[in-house]
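Here are some notes on the charged pairs and the nonpolar packing in this model. Please read them with the coordinates open.

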Amino acid sequence: MAMDVVDYEIKGSEMQFVEVELDPGEAAIGEAGSMMFMDAGIEMDTVFGDGAKQSGGLFGKLLGAGKRLITGESLFTTIYTNQASGKKRVGFAAPYPGKILPMDLKQLGGTLLCQKDAFLCAARGVSLGIAFQKKLGAGFFGGEGFVLQKLEGDGLAFVHAGGTVVRRELQPGQTLLVDTGCLVAMTPNVDFDIQYVGKIKTALFGGEGVFLARVTGPGHVWLQSLPFSRLASRIFAAAPQTGGGQREEGSLLGGLGAGSLLGGVLGGDDE
């Protein structure tokens, strides 16, 4: 399928969204639930698979959908096609605080590997597939399992990452050790493996996990400072637990009990 060449604008700082401008007849594909708004004249169509297999028959559609199911994504994607006579815009919002990264697949050699929940949207024609880890250690202990998302084509794709994002260019033989959840994306020529932290005490009490990702150049890697798994675990740890007393943090008046006590003190003059 020929790639649509789209213009875009990324807006916001911590909670970003991307506006994709479509010429008449152009289309964008979006992850289910990612659409923020769209101009009148854009037709929305939910398809089975990734939208790039529509001419491949039933088997092609089932194969595309099956790949997405393996990566933990929805079986469906949505295609937004500009059916009007002028330019129209559709917006896609990030699901949690972080940055939206525009990836020009043509400049990256046509393929990008990314963690399974990183894809946000793309120009029509970009294919969403899977990449299996070739090494057992990476598959069992890599935090993301055997499967990564594989974006293929020569158009624009947009990837979301948590917190602050940095791009590192690795020279041949250059190695970088990364927390397994902080690795967002990489070019396919980067060698990826898992390394044990090396010390039992560090593994048990260091708070950084038992394994680190080892990426070796040449190639590019993108790192995120706030993986969603880390954000979710902190929120869960800070949330009141059912069946027990609430833990008050961050404020001298942190809970309902403190508020009621303050109200009783301030209201004492009325009696």
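**Notes on salt bridges and core**

1. Arg89 counts as partly exposed, at 23% relative accessibility. The classes are buried (under 20% relative accessible area), exposed (over 50%) and partly exposed in between, with a 1.4 Å probe and protein chains only.

2. A word on the source. The model is predicted, so local features need pLDDT of at least 70 and side-chain atom pairs count only at pLDDT 80 or more, while totals for chains, interfaces and linings use all residues. Residues are numbered from 1 along each chain as its sequence is written, and side-chain values use heavy atoms, with hydrogens and water left out.

3. Arg89 pairs with Glu21 in a salt bridge, with 3.6 Å between the closest N and O atoms. The cut-off is a side-chain nitrogen of Lys or Arg within 4 Å of a carboxyl oxygen of Asp or Glu. Arg89 sits in strand 7 and Glu21 in strand 2, so this pair ties together parts 68 residues apart in sequence. Strands here are DSSP E runs of at least two residues, numbered from the N terminus.

4. Lys87 is in the loop between strand 6 (76-82) and strand 7 (88-93), while Glu21 is in strand 2 (residues 17-22), so the pair ties together parts 66 residues apart in sequence. Glu21 itself is buried, at 17% relative accessibility.

5. Lys87 also forms a salt bridge with Asp23, and there the closest N and O atoms are 2.4 Å apart. Asp23 belongs to the loop between strand 2 and strand 3 (27-31), 64 residues from Lys87. Asp23 is partly exposed, at 24% relative accessible area.

6. How far does the network reach? Shared partners join Glu9, Lys11, Glu19, Glu21, Asp23, Lys87 and Arg89 into one network of salt bridges. The model's salt bridge count is seven.

7. Now the nonpolar side. The largest nonpolar core has 22 residues, and Met103, Leu112, Leu151, Val159 and Trp222 touch the most other members. Such a core is a set of buried Ala, Val, Leu, Ile, Met, Phe, Trp, Tyr and Cys residues joined through side-chain atoms within 4.5 Å. Elements giving two or more residues include strand 8 (98-104), strand 9 (111-114) and strand 13 (156-162). Strand 13 gives the most, with three residues.

8. Trp222 is placed in strand 19 (residues 219-224). Trp222 is buried, at 5% relative accessible area. The C-alpha atoms of Trp222 and Val165 are separated by 6.8 Å, though the two residues are 57 apart along the chain.

How values were computed. Helices (H or I, at least four residues) and strands (E, at least two) are DSSP runs, numbered from the N terminus.
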